[in-house]
Amino acid sequence: GLLSACSSTQKITSSARTATEQLLITESVMRSLPKQRDMPFPIPRGSAIKLDVTGISPDKDIVKGIVAGWLGLHGYAVQDDNASHRINIVVNSLGTELATTFFGIPPIQASLIPISLPELAFYKAENQTGYTRFHFDIFELPSGRFLASSSPFLADTFYNAYTVLFLFTFNKTDLISPPRMGTFRQLTK
């Protein structure tokens, strides 16, 4: 009777990336860009800039969108036509890493007897990190003359989930508004 305990399964996501992974990536990109307005930049403020992005990550377009907003905030116009400068955003790294530490009994699925045993974790830690690293190559248009390369923009974010003694779960994160799984919240606004 003890081994025939109830178990439940939880499907984390139906999308290509979980909401937590998406936040880890986007917040690391936003944190990598400097906040100060009087930064040294080889393009006069108010100039029209064309943006291109290169990199091996399928998520690199989010970098282009965030950089476009950041440039607009600092007084530049991002447009493809009549641009005086082109910035190539070279994405060196963009993604998440996951490390798991587990002490307990892993889930067991019997093949002869249809009995399954859920994971029983005395201690489990899932540490997920979002990491961003990119730089700018800046060119003058229409000549295509190379002006400068920026220093790398880099940042990381984290979301750590813990389980202790089978049932007690908690997390630590530096995300601004992380998703909450398995809670019964009612939004009243």
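The crossing of helices α1 and α2 is right-handed, meaning that the near helix is turned clockwise from the far one by less than a right angle. This is a predicted model, where local features need pLDDT of at least 70, side-chain atom pairs count only at pLDDT 80 or more, and totals for chains, interfaces and linings use all residues. Residues are numbered from 1 along each chain as its sequence is written, and side-chain values use heavy atoms, without hydrogens and water.

**How α1 meets α2**
- Two packed helices are described by the angle between their axes and the distance between the axes.
- α1 and α2 pack at about 40°, and their axes lie 10 Å apart.
- I25, T26, V29 and M30 of α1 make the contact with I62, V63 and I66 of α2 (heavy atoms within 4.5 Å).
- These residues divide into six nonpolar, one polar and no charged.

**Helix α1**
- α1 covers residues 19-32, 14 residues in total.
- From first C-alpha to last, α1 reaches 20 Å, close to the 20 Å expected at 1.5 Å a residue.
- Its buried residues include L24, I25 and V29 (under 20% relative accessible area, 1.4 Å probe, protein chains only).
- Among the elements covering the buried residues of α1 are α2, β3 (85-105) and β8 (153-164).

**Residue G75**
- G75 sits in the loop between α2 (60-73) and β2 (77-78).
- G75 touches R45 and G46, leaving aside residues up to four places away in sequence.
- The C-alpha atoms of G75 and S47 are 8.1 Å apart, although 28 residues separate them along the chain.

Methods
Helices (H or I, at least four residues) and strands (E, at least two) are DSSP runs, numbered from the N terminus. The expected span of a helix is 1.5 Å times one less than its number of residues. Buried means under 20% relative accessible area, exposed over 50%, partly exposed in between (1.4 Å probe, protein chains only). Axes are lines fitted to C-alpha atoms, for helices over the stretch in contact, and angles run from 0 to 180 degrees between N-to-C directions. Ala, Val, Leu, Ile, Met, Phe, Trp, Tyr, Cys and Pro count as nonpolar, Asp, Glu, Lys and Arg as charged, and the others, Gly among them, as polar.
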